[in-house]
Amino acid sequence: MKLALIGVGDAGTRIVDRLVSAEAETGRWFTEGNVLAFNTAARAFDETESIPDERQVLIGDTHPAVTQRVATDADEADDVAGDSAGGGSADSHGPTADGSAAARAGVGGDPDIGAEVARADLPEIRRALDRIDETEVAATMVVAGLGGGTGSGVGSVLVEELQAVHESPVYALGVLPASSESDRRALTAARGIRTLVPLADAVFPVDNEAWRRGEEIGTDRYDAINDAIATRIVGLFGAGERDPTSPSEMRIDPADIRRTLEVGGIASIGRATVTIETDSSGWVDRLLRLLGLADDARGGRETDAATVKRLVRQALSSELTLPCDISSTDRALLILSGPPSDISRKGFETGRYLLEEETGTVEVLAGDEPLPGASTITATVLFANVTAVPRIEELQARATEAAAFEPDGGDRDAADGDGEDSETTVTDTDGGTAIDTDGATDAGESETGDDTTDAAEREAVDDASDAVTAGDHEFEFADDPAGDGDAAE
């Protein structure tokens, strides 16, 4: 499936850079050069290797609220410790050692400023988007770290703009902060999800907390997470984009991916790989079989079916981009990649039937990707519109608590740089109702005057509990953030 990729913020830029690299490594040319990267901090582009310079777009460089300050070595160390996947994000740095967030490059982690900058620079953004040849792609994906101001703020405006000008689907891939990251970042990410789910045709959250695997979040771990993201995205959208070398009646079709995702909401990708046991008959016999000049005397069709079934089960139970209850999915898609002789029809149908059993849905599409000469079989599974997602519930509960209570000297006060009581607002990045740190509500640019009574505070918390519609389902902020829904520490 041809897919345009747009990275936003440092995390998004790094991930798209890795995706373009993986495209070349695997020979799955699914972007056709339709890539862009947007950021509010120039240094975010310093480490890109695969995104051409002319596809890197700096915005907000003349905006008074944007800083291009070059961080010190100490700042860099703190940044890596508190960032989303991609490491060292200029738009989404964690707080410095003393809790201050004032000296961060870009928009300083504020999604409101990010959205403001994007709207102010819409003419430049539109000119950049013109570089994407919509006639060559079947969909566009915006990639961002949702805990950062540029990723969440600019990213939501980009999705909104793309929906207005593109007829093809617009997807979003958003990285969620780990539980060890600040409350401010959790609140920003929760609001980013609330904004993107109604705007995008499908949202692919990636959970840093699940992928950290108990390890400290650092550059090496982020690199591993980015590799895992690239493997799954390329395995899904890049399937079938190699030069065809082997015919298949079940070859994956881009229309199958679009149909699976058209239910909207939140999507998750699973993947598992098994190495094929090689026989001892020698490379000559193997070459003759590949050329069709000798029969495959290995047999093992029953073994193939059992292997595929185990492989699909592994893809369901581990290493999802976003851990979820797969029985809550609306639709599913299975892609089997590997040597045609090792993906038997019986094994293929067995895997599909297993998906129907485990998900409880009959809307399961399936296809294969013949890879002659491959030494592995890979199962890639897409779950569309999953609604039972404990990690998002935890994140929303934490965000509700962060919005309802003023931290003593916390991130939002420190963001003003003086440690005094702040009037900083954290809003839905699509311009919706704002919730300030005192609990009063603002609508757009208007002021509420003296509406700081208990009633107004209760109204602010109620606003934070509004449901987020995803397809026919709803995600809600937890009413009791101190309960069992707290994020794991």
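This is a predicted model: local features need pLDDT of at least 70, side-chain atom pairs count only at pLDDT 80 or more; totals for chains, interfaces and linings use all residues.
Leaving aside neighbours within four places in sequence, which residues is Asp256 in contact with? We will come to that in the second view, after a look at the whole chain.

View 1. Local features here need pLDDT of at least 70 and side-chain atom pairs count only at pLDDT 80 or more, while totals for chains, interfaces and linings use all residues. Residues are numbered from 1 along each chain as its sequence is written, and side-chain values use heavy atoms, leaving out hydrogens and water. Helices (H or I, at least four residues) and strands (E, at least two) are DSSP runs, numbered from the N terminus. Of the 489 residues in the protein chain, 56% are buried; buried means under 20% relative accessible area, exposed over 50%, and partly exposed in between, with a 1.4 Å probe and protein chains only. The chain exposes about 20,000 Å², and carbon and sulfur atoms supply 46% of that area (Shrake-Rupley method, 1.4 Å probe; for residues, only the protein chains shown count as cover).

**View 2. Asp256 sits in helix H9, residues 254-261**. Here is the reply to the opening question: Asp256 is in contact with Leu333 and Leu365, once its neighbours within four places in sequence are left aside. Contact means heavy atoms within 4.5 Å. Asp256 is buried yet has no salt bridge, a salt bridge being a side-chain nitrogen of Lys or Arg within 4 Å of a carboxyl oxygen of Asp or Glu. The nearest side chain of opposite charge, Arg259, is 5.7 Å away; Lys and Arg count as positive and Asp and Glu as negative, with His and the chain ends not counted.

**View 3. Six strands form an open sheet with parallel pairing, in the order E3-E2-E1-E4-E5-E6**. Strands E3 (56-58) and E6 (202-207) stand at the edges with a single partner strand each, so one side of each has no neighbour in the sheet. From one strand to the next, the twist averages 20°. Strand E2 (residues 35-39) pairs with E3 in the parallel sense over 3 bridges (two strands pair if DSSP finds at least two bridges between them). Look for Asn39, whose bridge partner in E3 is Leu58. Helix H6 (residues 183-199) packs on the sheet, touching strand E5 (170-176) and E6, and its direction makes about 150° with that of E6. Axes are lines fitted to C-alpha atoms, for helices over the stretch in contact, and angles run from 0 to 180 degrees between N-to-C directions.

**View 4. Lys2 and Glu32 meet in a salt bridge (2.7 Å, N to O)**. Lys2 lies in the segment before strand E1 (3-8) and Glu32 in the loop between helix H1 (9-26) and E2, so the pair ties together parts 30 residues apart in sequence. Lys2 is partly exposed, at 21% relative accessibility, and Glu32 is also partly exposed, at 46%.

**View 5. Glu369 forms a salt bridge with Arg28, with the closest N and O atoms 2.9 Å apart**. This pair links distant parts of the chain, 341 residues apart: Glu369 is in strand E9 (residues 364-370) and Arg28 in the loop between H1 and E2. Glu369 is buried, at 2% relative accessibility, and Arg28 is buried at 10%.
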